[in-house]
Amino acid sequence: MVCLGNICRSPLAEGIMLKLIKDHDLKITVDSAGTSNYHIGEAPDKRTVENARKHAIDLSNLRARQFNEKDFDAFDRIFVMDKSNLKNVLALAKNNANKEKVDLLLNSLHPGKNLEVPDPYFGGEQGFEDAFGMVYKACAVIALKQSI
Ligand code: 4NP
């Protein structure tokens, strides 16, 4: 799960997937990262943590890291939140096989529509709630596909 800072959208996606993996005993792993180095080592944004907590998702143990090209070897799928993240991740791909692993997260929910999870960082509380709804639904589809 990849966004820009790894403090709002992608840790949320990681935390939601961790909960779904635990609740449904799924045999998959998840991690998250940011394309930027802005917040390396930091906990998720307090507004994200608080919003997720309201939905019974705990993000407090997550810490930001930067996406790097080794992630293409470590993971089968790389989900990005917006088209800017997509461009930045694809720029690090070494080959077509790497590129084929990458997709916008919301394409799991709305295939082929290329919709983005808007960055809530500079906005108000509603942006975090909207991000939660979108990310949760997309993660539920990914989890469902893994369970059947
Ligand atoms: P994220 O949100 O990419 O969802 O973690 C952002 C976090 C920090 C910044 C931008 C977006 N920033 O500019 O510091």
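Hi everyone, let's start in helix H6, residues 125–147, where Phe132 and Tyr136 sit four residues apart, about one turn of the helix. Helices here are DSSP runs of H or I with at least four residues, strands are runs of E with at least two, and both are numbered from the N terminus.

A quick word on what we are looking at. This is a predicted model, so local features need pLDDT of at least 70 and side-chain atom pairs count only at pLDDT 80 or more, while totals for chains, interfaces and linings use all residues. Residues are numbered from 1 along each chain as its sequence is written, and side-chain values use heavy atoms, with hydrogens and water left out.

Back to the rings. Rings of Phe, Tyr and Trp (its six-membered ring) pair if their centres lie within 6.5 Å; planes under 30 degrees apart are stacked, over 60 edge-to-face, and the rest tilted. How many aromatic pairs does this rule give? The count is three. In one of the pairs, the rings of Phe67 and Phe72 have centres 5.4 Å apart and planes at 90 degrees, so this pair is edge-to-face. Phe132 and Tyr136 instead form a stacked pair, 5.8 Å from centre to centre with 20 degrees between the planes.

Phe67 and Phe72 are both buried. Phe132 is buried too, at 6%, whereas Tyr136 has 33% and is therefore partly exposed.

Asn98 is buried because its relative accessible area is 5%. Beyond its neighbours within four places in sequence, Asn98 is in contact (heavy atoms within 4.5 Å) with Phe72 and Ala93.

Next, Phe79 in strand E3, residues 78–80. Phe79 has 9% relative accessibility, so it counts as buried. Leaving out residues up to four places away in sequence, Phe79 touches Met1, Val2, Asp103, Leu104, Leu105, Ser108 and Ile142.

Now for the backbone. Most residues other than glycine have a negative phi. Asn114 has a positive one, near 55 degrees; this residue is in the loop between strand E4 (102–104) and H6, and is partly exposed at 38%. Asn6 also has a positive phi, of about 60 degrees. Asn6 lies in the loop between strand E1 (2–3) and helix H1 (9–24), and at 2% relative accessible area it is buried.

Asn6 brings us to the ligand. Which residues surround it? They are Cys3, Leu4, Gly5, Asn6, Ile7, Cys8, Arg9, Tyr38, His39, Asp119, Tyr121 and Phe122, where a residue is near if one of its heavy atoms lies within 4 Å. By class, this shell has seven nonpolar, three polar and two charged residues.

Last, the polar contacts, meaning N or O atom pairs within 3.5 Å. A polar backbone atom of Leu4 is 2.9 Å from a ligand oxygen, and a backbone N or O atom of Gly5 is also 2.9 Å from an oxygen of the ligand. From Asp119, a polar side-chain atom lies 3.2 Å from a ligand oxygen. On its own the ligand has 350 Å² of accessible area (Shrake-Rupley, 1.4 Å probe), and the protein covers 92% of it. Thanks, everyone!

Key:
A polar contact is a pair of N or O atoms within 3.5 Å; within protein, one must be able to donate a hydrogen and the other to accept it, and residues adjacent in sequence count only if both atoms are side-chain atoms. Ala, Val, Leu, Ile, Met, Phe, Trp, Tyr, Cys and Pro count as nonpolar, Asp, Glu, Lys and Arg as charged, and the others, Gly among them, as polar. Buried means under 20% relative accessible area, exposed over 50%, partly exposed in between (1.4 Å probe, protein chains only).
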